[in-house]
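This report describes one protein chain from its coordinates.

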Amino acid sequence: MDIRKTRTCERCSVQTPLDKVRLIPKSQDKNVLVCMDCAEFLKKASMSRVSDITLKQPPIKNIYAPKEPLKPFVPKELRPSPGQKLKEVPPRQMFCSRCKYEFTVKAAVKVCPYCGRDDKLVRKS
Ligand SMILES: [Zn+2]
Ligand SMILES: [Zn+2]
């Protein structure tokens, strides 16, 4: 074997034919000259390192996700209050002096159902 056509693997120090040598990026501006076996190893190692990170992140989110729906239950006490307030609004006895019509209202908007006006309404209770 012609020694000039071989390179030493920087990882396992094996004399490797030039056509079996691979340049693997070690850092941004540095490459390592390795044999094919080491190139494959480094490739898998860097890939598994990446997949480890991506695999670890989603389960963390999944663990926190079920906890999130519990928070909307905290303001649960606030939910019945609008409903209670609507129920607690007592019907009011109103009197329209325009058309002498007496009626009860439960809604916030109080108009005489007879004339449709509210300028002459008198609250009786
Ligand atoms: Zn090697
Ligand atoms: Zn009226």
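## Hairpin, core and sheet

In this predicted model, strands β3 and β4 are joined by a hairpin through two residues. β3 covers residues 22-27 and β4 covers residues 30-34; the two pair in the antiparallel sense over five bridges. Within that pairing, Arg-22 stands opposite Val-34 in β4, and Pro-25 stands opposite Asn-31 in β4. β3 is hardly covered, since the count of buried residues among its six residues is zero. As a general point, the side chains of a regular strand alternate between the two faces of the sheet.

Arg-22 lies in strand β3. Leaving out residues up to four places away in sequence, Arg-22 touches Val-34, Met-36 and Ala-39. The C-alpha atoms of Arg-22 and Val-32 are separated by 8.1 Å, with the two residues 10 apart along the chain.

Two of these partners of Arg-22, Val-34 and Ala-39, also belong to the largest nonpolar core. Cys-38 is in contact with Cys-9, Arg-11 and Cys-12, when neighbours within four places in sequence are set aside.

Turning to the whole chain, the secondary structure comes to two helices and seven strands. Along the sequence these elements follow the pattern β-β-β-β-α-α-β-β-β. Buried residues make up 8% of the 125 residues in the protein chain. Among contacts with a separation of 6 or more, 24% are between residues 24 or more positions apart.

How confident is the prediction, and where is confidence lowest and highest? The average pLDDT of the protein chain is 77, and 65% of the residues score at least 70. Confidence is lowest in helix α2, residues 80-88, and highest in strand β2, residues 15-17. The table sets out these two elements.

| Element | Residues | Mean pLDDT |
|---|---|---|
| Helix α2 (lowest) | 80-88 | 54 |
| Strand β2 (highest) | 15-17 | 94 |

Strand β5, residues 92-96, runs antiparallel to β6 and is joined to β6 by five bridges. In this pair, Cys-96 stands opposite Tyr-101 in β6.

Notes:
Residues numbered from 1 in each chain as written. Chains lettered and ligands numbered in written order. Predicted model: local features only at pLDDT ≥ 70, side-chain atom pairs only at ≥ 80, totals over all residues. Pairing = 2+ DSSP bridges. Helix = DSSP H or I, 4+ residues; strand = E, 2+ residues; numbered from the N terminus. Buried ≥ 20, exposed ≤ 12 C-beta atoms within 10 Å, placed from the backbone. Contact = placed C-beta atoms within 7 Å. pLDDT = per-residue confidence, 0-100. Core = buried A, V, L, I, M, F, W, Y, C linked by C-beta atoms within 7 Å.
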